[in-house]
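Please take a moment to look over the sequence and the three-dimensional structure before reading on. The paragraphs that follow go through a handful of places in the chain, one after another.

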Amino acid sequence: MLFKQQVWLRQKLLVLGSLAVGSLLYLVARVGSLDRLQPICPVESRFGGAHNQAELPLRALQFKRGLLHEFRKGNSSKEQVHLHDLVQQLPKAIIIGVRKGGTRALLEMLNLHPAVVKASQEIHFFDNDENYAKGIEWYRKKMPFSYPQQITIEKSPAYFITEEVPERIYKMNSSIKLLIIVREPTTRAISDYTQVLEGKERKNKTYYKFEKLAIDPNTCEVNTKYKAVRTSIYTKHLERWLKYFPIEQFHIVDGDRLITEPLPELQLVEKFLNLPPRISQYNLYFNATRGFYCLRFNIIFNKCLAGSKGRIHPEVDPSVITKLRKFFHPFNQKFYQITGRTLNWP
Ligand code: A3P
């Protein structure tokens with residue numbers, strides 16, 4: 001009898017213990033997200049608009065992620081949208097490029113900020129004639145739901161190099177903020193090549209070596225007809241944009257530094273967007289297996305970028321690298337001069 005009572009007591013203690021541990025874990029999890037619940041100071045913004053001085057809502061990032069995700073996926077009723085005061089807003093800032101500069105990492109990292117809502121997909125509204133013909137309302141409907149005080153950001157790296165895009169964006173919003181993330185031009189070109197090569201290999205197709213594409217076999221000079229080379233002549237593209245927008249509307253992100261030291265780069269973007277500083281070292285942790293910084297939303301939610309980001313580059317003949325670096329050098333100098341940002345590229 002005594003033995004039975006002891007077993008019963010032990011079982012009860014076990015249940016109570018589990019409940020206590022469970023509650024403790026839940027509380028710890030809540031505290032992890034509570035740091036995102038702090039009120040956000042007014043966004044005194046150069047963007048203009050009626051909501052400038054309004055307080056941003058007291059929402060946890062977890063809430064933002066979960067709820068907005070559901071809305072984005074269309075799992076919501078009109079009443080819910082209305083109840084939460086959610087709207088689909090045109091972007092106030094666009095990451096216009098550069099392809100392989102780290103555009104995805106930049107967008108995802110900015111999305112850690114409670115006042116930022118990202119358009120997850122590349123929309124290709126301004127660079128694709130068919131999409132552009134669908135009109136601005138089509139574009140707006142592609143945007144995620146957000147609170148009026150938040151800002152929407154989209155990224156489509158093809159915008160930077162597409163002829164018609166600056167004028168089209170200007171027509172939508174002449175005071176929009178434009179983000180350009182760049183990497184050392186030769187590395188970027190090799191990264192660009194690597195992506196195309198992977199696509200070919202997936203389709204069991206053969207492809208030229210990088211050296212063969214980047215260097216004209218007849219002249220032995222850099223092949224400026226090769227798209228991966230042309231895209232890396234940043235100043236040429238930027239000059240087209242400057243016909244429409246003043247340089248103050250652009251912010252240059254150092255994509256090489258975003259890889260090794262993301263926080264200071266993100267803090268510069270927060271400043272440029274007139275956002276209160278909210279992204280902290282807590283939100284970024286180095287993942288040794290991936291070899292990159294990953295994102296931490298709270299103690300439960302974290303994520304690294306997909307495996308398609310951070311591919312291993314093929315080995316390239318050092319003499320070709322030297323030739324390319326020499327070729328890009330004068331364009332880089334001009335880029336530093338125009339943007340006022342000197343990057344230590346060779
Ligand atoms: P590589 O694949 O050449 O390494 P984009 O998103 O514009 O296509 O850029 C891809 C590049 O983002 C990758 O190029 C990678 O180096 C860089 N990158 C920057 N930060 C990263 C991060 N935290 N995780 C993964 N890739 C990152």
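Begin with Lys 100, which counts as buried because its relative accessibility is 12%, and the cut-off for being buried is under 20%. Keep in mind throughout that this is a predicted model, and that a value such as this one is computed from the predicted atoms. For orientation, most residues other than glycine have a negative phi, and most peptide bonds are trans.

The loop between strand E2 (93–97) and helix H4 (103–110) also holds Val 98. The peptide bond that runs from Gly 97 to Val 98 is cis, with omega near 5°.

Three strands form an open sheet in the order E8-E9-E10, and their pairing is antiparallel. Strand E8 (284–287) and E10 stand at the edges, each with a single partner strand, so one side of each is left without a neighbour in the sheet. In general, strands of a sheet pair through backbone hydrogen bonds, either parallel or antiparallel. Here E9 and E10 run antiparallel and are joined by 2 bridges, and Leu 295 has Lys 303 in E10 as its bridge partner.

How many disulfides does a search of the whole structure find? The search finds 1 disulfide, and the pair that forms this link is Cys 294 and Cys 304, with their sulfur atoms 2.0 Å apart. Cys 294 belongs to strand E9 (residues 292–296), while Cys 304 lies in the loop between strand E10 (302–303) and helix H14 (318–339), so that the pair, 10 residues apart, links distant parts of the chain. The link of Cys 294 and Cys 304 is right-handed, with 100° about the S-S bond. The two partners can be described by their accessibility as well: Cys 294 counts as buried at 1%, whereas Cys 304 is partly exposed, with a relative accessible area of 26%. Another cysteine, Cys 220, counts as partly exposed at 43% relative accessibility.

The UniProt annotation "glycosylation site" covers Asn 75, Asn 173, Asn 204 and Asn 287. Asn 173 is found in the loop between helix H7 (165–172) and strand E6 (177–182), where its side chain reaches the backbone nitrogen of Ser 175 at 2.9 Å. Is Asn 204 buried or exposed? Asn 204, placed in the loop between helix H8 (185–202) and helix H9 (210–214), counts as exposed because its relative accessibility is 74%, and exposed means over 50%. Asn 173, in turn, counts as partly exposed at 22% relative accessibility.

Methods: Residues are numbered from 1 along each chain as its sequence is written. This is a predicted model: local features need pLDDT of at least 70, side-chain atom pairs count only at pLDDT 80 or more; totals for chains, interfaces and linings use all residues. Side-chain values use heavy atoms; hydrogens and water are left out. A disulfide is a pair of cysteine sulfur atoms within 2.5 Å. Helices (H or I, at least four residues) and strands (E, at least two) are DSSP runs, numbered from the N terminus. Buried means under 20% relative accessible area, exposed over 50%, partly exposed in between (1.4 Å probe, protein chains only). Two strands pair if DSSP finds at least two bridges between them. UniProt positions are given in the numbering used here, feature names are shortened, and annotations may be inferred rather than shown by experiment. A polar contact is a pair of N or O atoms within 3.5 Å; within protein, one must be able to donate a hydrogen and the other to accept it, and residues adjacent in sequence count only if both atoms are side-chain atoms.
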